[in-house]
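Here are some notes for a first look at this entry. Please read them with the structure open.

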Amino acid sequence: MLHAVPKPLSGLIRSQPVTGLILTGGGARAAYQVGVLAAIAQLRRDAGATQHNPFPIISGTSAGAINASTLACHADDFDGAVDGLVHLWQGLHVESIYRADAFEAVKSGARWVSMMSLGWALARWTRSRPRSLLDNGPLRELLGRYLRMDRIESMLDGGHLRALALTGSSYTSGQHVTFFQTHHHIVPWLREQRMAVQTQLTLAHLMASAAIPFIFPAESLELDGMPEWFGDGSMRQSAPISPAVHLGAERILVIGAGRMKEPEGRRYKGADEHPSMAQIAGHALSNIFLDALAVDVERLRRINRTLALLPHETRTATALRPIELLVIAPSRRLDDLAGEHQASLPKSVRAMLRAFGVNGKGDKTNGSALVSYLLFEPSFVNELINLGMSDTLAKRAEVQRFFGWPTRAPQIDPASLRRSRSAGFAAKV
């Protein structure tokens, strides 16, 4: 990945570097991002730095694409957008995301179990071709009511937003595609198995980016004038930070959905047994959602260190520029946290997952990693939001230094602050 930052337009003076935000995937784990954003909003208010959108460039993948799109659609009111995200996530249940009634869950699970146990002959005999383990129709309905993607254009027109990027992975061509919307002159980039397409982003791009493999169905999008089937953008994503860099970010905040360097998992009684399908699936999803980000963060830091060693004349002669980076990621293993809350899943979903090896005892060996991506329930979501807030406040000094905010809050008239936010998020939905 080349971290080349476009040079500023002639005559344009900026007191602050352009800030990009990276929101990665992880299903229900993305609630952690909301907690981080809520803490940043609080620190921003404390610093009195509420005049402008703190993230003019936003890149989202998978469930992070939903959070990214919300911020972009309401880029003129960052506090209101964050308040709306907190309200949205705190009100979620699994039924808000996928069909979890007993009949649908058993029907969906039974198709997969029968195909795996009796082979494709049975599938041909019954003409059963399940598209996914779960039906995420409720998510489409929810986002259709909650988000007005057409507002992105007005946010760009008003200068509140510089660019939004959403990423998906094509099952049809194998291409990893970043769809982006901007009014700035950006040459779409093309790398090995990675490409960028400038377009007007829609709900279909959101659904494609958030289509967790095997679990949610693929989404059809047009690419080069031809329809292709897209799934979760975290698949084959070798450089998650790259879109923000290409779009002009000079400093980047990365909010992860898992620990960047997780400690070795604990050994449990029975760990010598063959892993269940749920445990294998959870391991695979963690590889898809978490590993590429950790590698890309280390790559960017290594480039920054290398550039710092070069003489000034050599640095100015290259297109590469150092990118200031701040990473906020969970301080706890979210697998373990999900294991503590998996009993809050509806009985029908627990019954379906039990067929794949989730036995409900709440330890990692029974598939709690898989559960962590599907646990859209208030008990788990609220813990993630609180964890995100506490992790961010624990880095208060780093966050303030990253944004250039004062460590001591200026004197602000509370009445004027209330008036500035009186329109609120709800009035814009």
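1. In this predicted model, the side chain of H176 comes within reach of the backbone oxygen of M235, at 3.2 Å. That makes the pair a polar contact, because the cut-off between N or O atoms is 3.5 Å.

2. Where does H176 sit in the chain's secondary structure? H176 belongs to strand β4, which covers residues 176–182. Its relative accessible area is 3%, so H176 counts as buried, the limit being under 20%.

3. Neighbours within four places in sequence aside, H176 is in contact with T167, G168 and S169, with Q193, R194 and M195, and with G233, M235, R236 and Q237.

4. As for the whole protein chain, it has 18 helices and 10 strands. Of its 429 residues, 54% are buried. Its accessible surface is about 19,700 Å², and carbon and sulfur atoms account for 54% of that area.

5. Among contacts between residues at least 6 apart in sequence, 78% join residues at least 24 apart.

6. The largest nonpolar core contains 100 residues, and L71, W89 and Y98 have the most contacts inside it. Helix α1, residues 31–47, gives the most to this core, with 10 residues. Another core lies apart from it and has 22 residues, including I57, A196, V245 and V297.

7. Which residues does L71 touch, leaving aside its neighbours within four places in sequence? L71 is in contact with L21, L23, L37, I58, F78, A81, V82 and L85.

Note on methods. Residues are numbered from 1 along each chain as its sequence is written. This is a predicted model: local features need pLDDT of at least 70, side-chain atom pairs count only at pLDDT 80 or more; totals for chains, interfaces and linings use all residues. Side-chain values use heavy atoms; hydrogens and water are left out. Helices (H or I, at least four residues) and strands (E, at least two) are DSSP runs, numbered from the N terminus. Buried means under 20% relative accessible area, exposed over 50%, partly exposed in between (1.4 Å probe, protein chains only). A polar contact is a pair of N or O atoms within 3.5 Å; within protein, one must be able to donate a hydrogen and the other to accept it, and residues adjacent in sequence count only if both atoms are side-chain atoms. Contact means heavy atoms within 4.5 Å. Accessible areas come from the Shrake-Rupley method with a 1.4 Å probe; for residues, only the protein chains shown count as cover. A nonpolar core is a set of buried Ala, Val, Leu, Ile, Met, Phe, Trp, Tyr and Cys residues joined through side-chain atoms within 4.5 Å.
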